[in-house]
Amino acid sequence: MQQYGIHWFRRDLRIAGNSALKWNWKKNQGGTLGVFFFDSKFLSRPDFSHHRFAFFLETLKELRSELREMGGDLLVLDQGPDEGFSDLLKKLHAPRPTCVTYNRDYEPFARERDARVSRLIEGLGVSVHTMRDHLVVEPHELQRVPGTPSFYQVYSPFCKRWLSLVEGEDFHERITEQKEALQYLEKRRLGQTIEPFFKLTWKQVFTHLGNANLFEDALDRFISENQKSVKIKIPPAGSLVAYEKLREFRSGVDDYLEKRDFPSISGTSGLSIFFKNGSITPALVLAGLNLNEFEFKQKSGRIQFLKEIIWREFYYHILYHRPSVEHEAFLSHYQDLKWQNNPEWFEAWAEGKTGFPIIDAGMRQLKTTGWMHNRVRMIVASFLTKDLLIDWKWGEKYFMNQLLDGDLAPNNGGWQWAASTGCDPQPYFRIFNPLLQSKKFDPNGEYIKKYIPELRHVPSSEIHEPGLRYIPPIVDHATQKEKALALYRR
Ligand SMILES: Cc1cc2nc3c(=O)[nH]c(=O)nc-3n(C[C@H](O)[C@H](O)[C@H](O)COP(=O)(O)OP(=O)(O)OC[C@H]3O[C@@H](n4cnc5c(N)ncnc54)[C@H](O)[C@@H]3O)c2cc1C
């Protein structure tokens, strides 16, 4: 039988440019089989979201059919990775897989799991090979003084160092080498024939072992069970859809600087949901946009877009070096702020019924679509913490329960930035005024009207003001601002 290796998919749900999958494929001359484990520990986390899970499952389904089309396979098991690998590797006795590969993950939960599962696999006599995939530069590669454990806590120097590294040949190759993956995606988009390049399926291996149904694939069952809890329209998933999105954005990237802050316009890439599960990666996107030269002195849509990608990497860097941010403030002196935590106000915020049109529009966009524009995320997060005086962790958790792109590092980073408790945050005394933000970033009230249909006939001159043509506001901004300042100053 063909020699083979196993690739463990987690948040790298694509073939194109998948680092560890490719390594495995080369080592085994095309004999690479994919596996995915449903980890019950993960599924029972408090930040779990049925909507995000539905999108994830659809992505897995796309991946499985792409792998099969290319001659390969994906086995989805209803077992955690510890139990799953134990069971699988014990049964795969003749011949044994040559290796297990996976791409590295930087979340505290995942790092612990990966260390444990790698030991388990090696203990069963199979080697493990891991690679970088999710980020362009990994947190351990970007230290302030090489060889010391200190890490960047301010975005600007981080960004500068990131750029100087990526301009260097070794790192730069991480972007340029994606060209091959882009060609593959383009061929798939055009429906051109691609000769299958994987050489083995699970069925062939199981048949060889004498039982074609050795394991039951759980994907379809999970999809139909989860579907019962889905209340929004789940967007199309998969790496080809992500690639189409990237192509669309190519023509818009030069306008990104002017348009990205206006929630009524689709001026941003819409790629975050695909980054989250690895249908596409930042390296692929930078290659696809030909973002190879980093002339930071000038301002342009491309440069601004790159800066946002670097913000994402920055938050992963922080989470990796300070995993405690998952549960507490980065700035320890803000750890015990005396939040008021009024549950009724929280409910009004979450339901989009605060009486502040821009806040309510944002929260209704989140609830009905599973996504919210970045500018509005900043406004509603500031409002929750500085106007309603509610702990940022409540907002962070609610976002994770709702967002299709919900991702621990940027979500935690965004919330701690808005709450002024994070690294390099918004200073606590700079408090967003929802009325001014609304007038500036939704001047004609188009965004508000889209999500608050009861205001659709209100002229734009009257749409922003809380209490004017809408339900009464639950708080007074000026009063709450003073309270917030006192809370932080104490
Ligand atoms: C309170 C709050 C919570 C957030 N939660 C998340 C989250 O759970 N998941 C998530 O991916 N992003 C989060 N963000 C960041 C940002 O809002 C989204 O990444 C962005 O809105 C996604 O839309 P896009 O892909 O069209 O972005 P684009 O504007 O096209 O940006 C391109 C990419 O850059 C990255 N990016 C953009 N803005 C930021 C930012 N401020 N911080 C970090 N990375 C950024 C994202 O990966 C994004 O896909 C949060 C921001 C705030 C203020």
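Between which two domains does the shell around the ligand lie? Domain 2 (135–193 + 237–321) and domain 3 (332–489) both contribute residues to the shell, so the shell lies between them. The structure is a predicted model, in which local features require pLDDT of at least 70, side-chain atom pairs count only at pLDDT 80 or more, and totals for chains, interfaces and linings use all residues. Residues are numbered from 1 along each chain as its sequence is written.

**View 1. The shell around the ligand.** Among the 27 residues around the ligand, those that come nearest are Thr268, Ser269, Ser272, Asn411 and Gly414. A residue is near a molecule or strand if its C-beta atom, placed from the backbone, lies within 6 Å of it. At least two shell residues each are supplied by helix 13 (272–277), helix 15 (301–321), helix 18 (374–387) and helix 20 (408–418). Helix 20 gives the largest share, 6 residues. Helices (H or I, at least four residues) and strands (E, at least two) are DSSP runs, numbered from the N terminus. By class, the shell holds 12 nonpolar, 9 polar and 6 charged residues. Here Ala, Val, Leu, Ile, Met, Phe, Trp, Tyr, Cys and Pro count as nonpolar, Asp, Glu, Lys and Arg as charged, and the others, Gly among them, as polar.

View 2. The strands follow the order 3-2-1-4-5, with parallel pairing; two strands pair if DSSP finds at least two bridges between them. Strand 3 (74–77) and strand 5 (127–131) stand at the edges with a single partner strand each, so one side of each has no neighbour in the sheet. From one strand to the next, the twist averages 25 degrees.

**View 3. Strand 2, strand 3 and helix 3.** Strand 2 (residues 32–37) pairs with strand 3 in the parallel sense over 4 bridges, and Phe36 stands opposite Val76 in strand 3. Helix 3 (residues 50–69) lies across strand 2 and strand 3 and runs at about 145 degrees to strand 3. Axes are lines fitted to C-alpha atoms, for helices over the stretch in contact, and angles run from 0 to 180 degrees between N-to-C directions.

**View 4. Strand 4, helix 5 and strand 5.** Strand 4 (residues 99–103) and strand 5 pair in the parallel sense over 5 bridges. Val128 in strand 5 is the bridge partner of Val100. The chain crosses from strand 4 to strand 5 through helix 5 (residues 108–123), in a right-handed β-α-β crossover. A crossover is right-handed if, with the strands pointing away from the viewer, the path from the first strand over the helix to the second runs clockwise.

**View 5. Backbone details in two loops.** Ala94 and Pro95 are joined by a cis peptide bond with omega about -5 degrees. Pro95 is placed in the loop between helix 4 (81–91) and strand 4. Leu389 lies in the loop between helix 18 and helix 19 (392–402); its phi is near 55 degrees, a positive value in a residue other than glycine.

Definitions and conventions. Domains from an automatic or database assignment. Contact = placed C-beta atoms within 7 Å.
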